[in-house]
Amino acid sequence: MRVLLVEDNDVNRRVVREMLRAGGIEMAEAADGEIGLQMIADSDYDVVLMDLRMPGMDGMTAIRRLRARGDAKASLPVIVVTADAGSSIEPDCLAAGADGVLLKPVSMNGLFDAIGKVVAGRKGGDILVA
Amino acid sequence: MFAASAAAVLATAAPAARAFAPEPAALAPATPFDQRVAAAKQAMMADPQTALSESLAALDAARRETGAARSERIATAQWLQGEALLRLNRLDAARPVIREGLKAVASGSPDSKLHGDLLMAQAGVLATQGQVQPALADFHAAYRIFGKAGEARSQAIALMNIGSIYQDARDYAKVLQYYAQAADLYPGDPSLLVSARNNIGNALREQKRFAEAEAEFERARAIAREMKSALIEAHVMANLAATEVEHGKLDAAQRHVNEALRLANADAAAREALPGVWAVAARLELARNRPQAAAALAERAFAGVDLEKTSLLDRDFHETAYRAYLALGDEPRALAHLRAFKRLDDEARDLAASTNAALMSAQFDYANQASRIARLKASQLQKDVELARARGVITNVLLAGSVVVGVLLLGAFLSIRRSRNEVRDANGKLSKANAALEKAVQARTEFLATTSHEIRTPLNGILGMTQVILADPRLDAELKDKVNLLHGSGETMRALVDDILDLSKIETGKMVIAAAEMDLRKLCEETARLWAEKADAKGVALTLDIDAAPTRIVADAGRLRQILFNLMSNAIKFTHEGAVTLSVRAEPGPDGERLVVAVTDTGIGIPKERHEDVFEPFRQVDGSITRNYEGTGLGLAICRNLARAMGGDIALESTLGKGSTFTVRIALQRAAETRPGVGGAAAESFAEARLLLIDANPLSQAVLRAVVQPQVASVEAVSACADAAGDHFDLVICDGAALGDTADARAGAVARLRRAVAPAAVVVLIAGAEPGESAQLTAAGAAQVIAKPIPAPMLLAALRAGFAERKAPVADSSAQSRLA
C-alpha cells in the first residue's frame with residue numbers, strides 16, 4: 001500500500017505520515033500539485049491525499065489534470081484533505097473528480113476510513129489488507 | 001367657487017391634492033334642486049359632510065321631478081354625492097354612486113360637461129385607491145369630453161390632475177408638460193394659474209433647473225398678489241426661498257424668507273403657511289452654518305408635535321432638523337428627526353414606486369400608440385414624397401419629411417425608454433440598500449471562512465500529533481492523561497471554529513438541511529454512550545428514555561446529532577449531582593406529528609430573565625460562570641437555528657438551583673418501518689445486524705468497515721479486545737493479531753471475548769494460523785474462523801452464513817416472546 005500526500009505545509013505532512021505509519025502504510029510526499037503529478041507519472045501509488053490551497057499548482061487543478069490523463073493512472077483514487085470548510089467545497093471537489101473530502105483537523109479514524117472506502121470501492125473489495 | 005385648498009395645491013413635496021372641478025359662480029338658484037346643488041358645491045371643499053347631505057337632498061328633489069331633465073339632474077346630484085364621499089374618504093361608497101350617474105349620462109348626453117365631471121370624480125376615486133392607470137384613462141377621457149363641450153377651464157383642471165399623478169411618480173418632465181399645457185389652455189382663472197405656475201416651479205426645482213424655477217415662482221407670486229391672498233403668496237415665497245437656498249443664493253433666500261414670514265403673519269388664514277416658512281428658514285440657517293438657529297426654528301415648529309405622525313409636507317423639515325441637531329451634538333433629537341424623515345421618505349418613495357409601476361404599462365401603451373402614429377405619418381409622408389416626385393416638385397418635401405419622421409420616431413423611442421428607466425430607478429434605489437447590506441454580510445462570511453482556514457491548518461498539526469501519540473501503545477498512563485488534556489482542548493477549539501462557521505452559514509442562509517432516512521433510536525443510544533463516561537466521572541446519572549420514540553424517521557441525522565450533542569454537553573456541563581435525562585417521543589401537533597427531544601438536568605438552573613439570553617451567541621448566564629464552564633457559548637444558538645430550520649423550535653423551562661429542561665420540537669416525518677427495532681430485540685437478518693470490529697491496524701479496520709458497513713445496520717470498531725464489551729452486538733469480528741501472539745493466547749482471548757460481548761457471535765479473521773488452530777478457536781467459542789486475505793464477496797458470504805447459524809437457536813425464544 002503506497003500513499004502519495006500532496007501538501008505544502010510540512011507540519012501537516014509529518015502528521016499524516018505519522019498517522020499512516022500507525023497503519024503500516026508507506027507515504028511519499030509532494031509539496032505542490034505539479035510535483036505531485038510528476039511523481040504520479042513516475043511511480044505507482046494506491047491512493048493520493050490532496051491539499052487544495054498550495055503555492056504553485058493548487059489541488060483542484062491537479063485533480064483535473066490527473067483525471068485528464070489518457071492512461072489507467074487517470075482513475076487513481078484521490079482524497080482531498082483541506083482546511084477549507086466552505087459549503088461548496090465538497091461538491092466542487094467531487095465534481096472535479098475527487099473520491100472523498102476530509103476536513104482538517106483530520107482524525108485518524110476519518111483518514112483511515114476514507115482510505116479504506118476508496119480502496120475497497122476501487123478494487124471491488126477483492127482483498128482485505130492484512 | 002371650488003378652488004382646491006391653497007396649502008394642498010401649493011405643497012412642495014406632498015402628492016398634489018386632486019382638484020375638485022371648480023366652475024364660475026352660478027346664477028341665483030331658482031328651484032329647490034338648484035338651491036341644494038348650489039349649497040353642495042359651496043360646502044364641497046371646506047365641509048364635505050354638509051355637501052353630502054345637500055347632495056342627497058338634491059337627489060331627493062331630482063327624483064321627485066318629472067320633466068325631461070330629470071335623469072340629468074339625478075346624475076348631477078350623484079356626481080356631487082360622489083365628490084363628497086370621495087372627500088370623506090368613503091371610496092367604496094363613492095364608486096357605485098358615480099358609476100350610476102355615468103351610466104345615465106354616457107347614454108343620454110355623452111358630450112356634456114356633466115359626463116366629464118363624473119369621469120373626473122371616478123378618476124379621483126381610482127387615483128386615491130392607487131389604481132393609477134384607469135384613473136389616468138378617465139382623466140384623459142374627461143379632458144376630451146370637456147374639449148367637445150367647450151369647457152377649457154375644466155380641461156385645464158383635468159390636465160392638472162394628470163400632472164399630479166405624475167408628481168406622485170416623481171416624473172417631473174411629465175409634470176411640467178401637463179401643468180404648462182393647463183396654464184396655456186386657461187389663463188383666465190388666477191387660482192388655477194397660480195397653482196399651475198407654482199407646481200411648474202416645483203417640478204423645475206426638482207430637475208435642478210433653479211433659474212427657471214425661480215422665474216416661475218415670481219410669476220406665481222405676481223398672480224397671488226393680484227388675488228390678494230397672503231396665504232398663497234407666503235407659500236410661493238417659501239418655495240422660491242427654498243429654491244434659492246438650493247441654488248446657493250442665500251441673500252435672496254433670506255429676503256424672501258423674511259417676506260414670507262411677514263405675509264404669513266399678515267392674517268389669520270395665512271398663518272397656515274407658517275410651518276412651511278419656518279422649514280425653509282431653518283434650511284437657510286443651516287446653509288449659513290448656523291445650526292443653533294435652525295434647531296430653534298425646528299423646536300418651535302415641532303413643539304407638541306408627535307414626530308411619528310407628521311405628514312409628507314414635513315419631510316424636508318425633518319431632514320433639516322436632523323442635520324441641525326446632529327451638528328449640535330444632540331443625537332437623540334437628531335435621531336428622532338432622522339426616523340421621521342426616513343418614514344416619510346420611504347412613504348414618498350413607495351408612492352413613487354407604486355405609481356411608477358402602475359404608470360409603466362400605461363406609458364408603454366401611449367408610447368406604442370405614438371410610435372404607431374409616427375409610422376402612419378411616415379408612410380403618409382412616403383406617399384406625399386412619391387406624389388411630389390411624380391409631380392416633379394421633390395425639392396424640400398423629402399428633406400422635411402425625413403426630419404419629421406425621425407423626430408417622431410425618436411420621441412416615441414425616448415418615451416418608451418424613459419418610462420422603463422424610471423421604473424428601474426425607483427426599484428434600483430430600493431434594492432441598493434439591500435445590496436449594501438448583503439455585501440457587508442458577504443465580506444464577513446469571507447473573513448470567517450479565511451480565519452477558519454487559517455486556524456484549522458495549525459490545529460491539524462496539534463490534533464494530528466496528539467492522536468498519533470495517543471495511539472502509541474508505548475505511552476505511559478501519566479503522560480497519556482496529559483496528552484488527553486491537550487487533545488481535549490484542541491477539540492474544543494475545533495468545535496468553536498465549526499460553531500462559528502455554522503452560525504455564519506445559518507445567517508447567510510447557506511445552512512442546508514439534508515433529510516434522509518435514519519435510525520433515531522440508534523442516534524440517541526450513540527449520543528448517550530458518548531456522554532456516559534463523562535457523566536459517570538462527575539457522578540451524574542445518565543438516563544435514556546426512548547421507549548416512546550419512533551425508530552426510522554426522515555431527518556438530517558448529522559444536524560440532529562449536533563442538537564443532541566449540544567444539549568447533552570450543556571446539561572452535563574452544568575450538573576454536579578443528580579441526573580441528566582434524554583427523552584425522545586412523538587406527539588401530535590397542529591400540522592401533523594412532531595418529534596419531541598427533551599434533555600432534563602438537575603443542574604444549576606437559569607434565572608427566568610436570562611432564558612432568552614442563553615440562545616444568543618456567546619452568552620452564558622454570567623461572566624463569572626463563563627470562566628467556570630468552558631465551551632463555545634454558541635451551542636444553544638445553533639440548536640435554536642437548527643430546530644427552526646427543521647420546522648420547529650426550542651423551549652426552555654428552568655428553576656434556579658433545581659435544574660433545566662431544554663425541549664426541541666420539530667416536524668416529524670416517519671419512514672416506512674422496514675427494519676424493526678435495532679435498539680431492541682436481536683436482529684433477525686444480516687441487514688439488521690449490529691457489528692463490532694476489533695482490529696489494531698487502522699487501515700485494515702477501515703477496509704473491513706468499508707466492506708461490511710453497507711450490508712448491516714451498524715458497525716462499531718475498537719483496536720483492542722480489552723475495549724470490546726457490551727451486549728448490544730449481534731456479531732463481533734476480531735482480527736487474529738488483536739487476540740494474541742500464540743495459538744493458546746488467542747484461544748484464551750476468544751473465550752474471554754465471547755463472554756464480554758455475549759450474546760454476540762464471535763468471528764475470527766486470521767492470517768498465518770497455526771495448524772489445528774481453527775478447531776482450537778472454534779472450541780474456545782468462535783462461531784467461525786476465516787483465513788485472510790480473503791476476497792470481500794467471500795468474506796461477506798461467510799459472515800452471512802455465520803450470522804444465520806447464530807440466529808437459529810434464538811429464533812424460537814424471540815418467536816415466543818412475540819406471542820406472549
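At what angle do helix α2 (residues 32-43) of chain B and helix α3 (residues 48-64) of chain B pack, and how far apart are their axes? In this predicted model, the two helices meet at about 160°, with axes 8 Å apart. Because angles over 145 degrees count as roughly antiparallel, α2(B) and α3(B) are therefore assigned a roughly antiparallel arrangement, and the crossing by which α2(B) passes α3(B) is left-handed. On the side of α2(B), the contact is formed by Pro32(B), Phe33(B), Arg36(B), Val37(B), Ala39(B), Ala40(B) and Ala43(B), while α3(B) contributes Thr50(B), Ala51(B), Glu54(B), Ser55(B), Ala57(B), Ala58(B), Ala61(B) and Ala62(B). By class, the residues of this contact comprise 11 nonpolar, two polar and two charged.

In chain A, the buried residues of helix α3 (residues 59-67) are Gly59(A), Met60(A), Ala62(A), Ile63(A) and Leu66(A). These residues lie on the same side of α3(A), because the arc that they cover around the axis is only 160°. The elements covering the buried residues of α3(A) include the strands β1 (2-6), β3 (47-50) and β4 (78-82) of chain A, together with the helices α2 (33-42) and α4 (89-96) of chain A.

The contact between the chains draws 34 residues from chain A and 37 residues from chain B. On the side of chain A that touches chain B, the elements giving two or more residues are α1 (10-22) and α5 (108-122) of chain A, and the largest share, eight residues, is that of α5(A). This side of chain A consists of 19 nonpolar, nine polar and six charged residues.

How values were computed:
Residues numbered from 1 in each chain as written. Chains lettered and ligands numbered in written order. Predicted model: local features only at pLDDT ≥ 70, side-chain atom pairs only at ≥ 80, totals over all residues. Contact = placed C-beta atoms within 7 Å. Helix = DSSP H or I, 4+ residues; strand = E, 2+ residues; numbered from the N terminus. Nonpolar A, V, L, I, M, F, W, Y, C, P; charged D, E, K, R; others polar. Axes fitted to C-alpha atoms, helices over the stretch in contact; angles between N-to-C directions. Parallel < 35°, antiparallel > 145°, perpendicular 65-115°, else oblique. Left-handed = near helix turned anticlockwise from the far one by under 90°. Buried ≥ 20, exposed ≤ 12 C-beta atoms within 10 Å, placed from the backbone. Arc of directions from axis to C-beta.
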